[in-house]
Amino acid sequence: MSASQPDPTAEPRTIAAGDDEALRPRHLRPPVDPATLTWRNLRRDAFWQRIPGWAEVDEKTFLDHAWQDRNAITSPKKLIAAVRDLVGSDFIADVEQGFHHAPMSVRITPYILALMDWDHPYVDPLRRQFLPLASQLQPDHPMLTLDSLAEQADAPVPGLTHRYPDKALFLVLDTCPVYCRFCTRSYAVGGSTDEVEKVSIKATRARWDAAFQYLAERPEIEDVVVSGGDAYRLKPEQVREIGDRLLDIPHIRRFRYATKGPAVMPMKLLTDQAWLDALTAVVDRGRKLGKEVVLHTHFAHPNEITGYSEDAMQRLFERGITVRNQAVLQNGVNDTAETMIELGRRLGYINVHPYYVYIHDLVRGTEDLRTTVARGIRIEKRLRGATAGFNTPTFVVDAPGGGGKRDVHSFEHYDRETGISVYTAPSVKEGRLFMYFDPLAELSPAMRAAWGDPKLRHEMVHDALATARQRTI
Ligand SMILES: *Cc1c(COP(=O)(O)O)cnc(C)c1O
Ligand code: SF4
């Protein structure tokens, strides 16, 4: 133990009655230099004017949500046109190739594009998050499938997943304000790409009716996640319709609209009054009925949070709308304790509650973004205690095969050599074991070779399951 370890047998310090001197505050450590409280420094500069095509765009225009939509980067061609003068031709070729291999459609808001550091595009965390580079892609893990969470297997209606006893996930539409590389729903969201044909979960009347009918027929469901796609892309009438129909079902006690929107286009909450009012009306009606309606969002990196995010969150805060955050841990994006602590404090500062941090799911074409379970555990240890407990997220693995979210620490067995972790989910799928696989790039060369051999692969998986089974009986 280090020298600073206190002596646990020492007598406690006592203060004599009337000893005022002893009651004067004693700074046990010096006050923090305000310059180090970096999470409070939220950008309010005209950062978008660095993009040559937007050099003349003023703040009012940039904050217009319709302008953001109209100027979204929706193809590699548009991306290249926007940043051609800022990056080298090697980068352009790399990103073109990257998109060719990626299973996602392209869509980036001007807000996010402008927040990327175009002086250092290879390492910038936001670039890594949204733009695949061929030179950084890694072959997929051999145990990977496209719908790794088996959402379709647990779906009584296309796009409605009923996995947990009392809650359901309703994918109301298949478009998003951005397409994230890490998206688990790449089986469904966005258009089909060079690499992937998609399942259709379009916002159709018949599918919605079937979903509401199912929810009404299941008295055990109290909680619904309205996701997609992304609730930001719903029209105000649709926000209201979904909200009202869910509130009308007596046994539904709470639901959340899930949207990446606040992280990638905060200005919608500042300038799309109709959308904000629709959300507020549902929240207010819910409150009168004793039902909780909240917003769940996905900030992944502190650089996504600007003064505009603060203003947007303040709009929601004033209206009493709770916002919780779910982040995905991504290699080279936010997988250090420093970044996650900064993110957590910045979120806390703008009244967003960090709720979950996900270990990156096994998603096609994203091997370079995944991290090990061990790294998640290490970061979690540093985070816990850095700020309020309710602003400290739970780190979870969404168990491939439909086990649902499991606390990273709760594995039955974890072999850091093979990278296999095994979880149980007694309240979701009793008696079954679920495995997660660390990215191959983090394993030893010998182990990587072993994963390439079908016989050894089979043995490793078999052994891990056998060990876990012994521990659970
Ligand atoms: C994540 C998820 C939910 C909600 O789970 P919480 O732990 O309550 O956030 C519900 N259904 C499905 C299928 C999910 O993946
Ligand atoms: S916004 Fe959500 S649903 Fe859409 S691509 Fe990103 S993670 Fe997937």
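These are my notebook entries on the overall fold and on the shell around one ligand.

**Ground rules.** I worked with a predicted model, in which local features need pLDDT of at least 70, side-chain atom pairs count only at pLDDT 80 or more, and totals for chains, interfaces and linings use all residues. Residues are numbered from 1 along each chain as its sequence is written, chains are lettered from A and ligands numbered from 1 in the order in which they are written, and side-chain values use heavy atoms, with hydrogens and water left out.

**Overall dimensions.** I looked up the extent of the C-alpha trace, which spans about 75 × 60 × 60 Å along its principal axes.

**Domains.** I noted domain 1 (47–136), domain 2 (160–409) and domain 3 (411–473), with bounds that come from an automatic or database domain assignment. The centres of domain 1 and domain 3, taken over C-alpha atoms, are separated by 38 Å.

**Burial.** I found that 54% of the 473 residues count as buried, that is, under 20% relative accessible area with a 1.4 Å probe and protein chains only.

**Ligand 2.** I listed the residues near ligand 2 (a heavy atom within 4 Å of it) and found Cys176, Val178, Tyr179, Cys180, Phe182, Cys183, Gly229, Asp230 and Lys260. This shell divides into six nonpolar, one polar and two charged residues, where Gly counts as polar, Asp and Lys count as charged, and Cys, Val, Tyr and Phe count as nonpolar.

Definitions and conventions
Buried means under 20% relative accessible area, exposed over 50%, partly exposed in between (1.4 Å probe, protein chains only).
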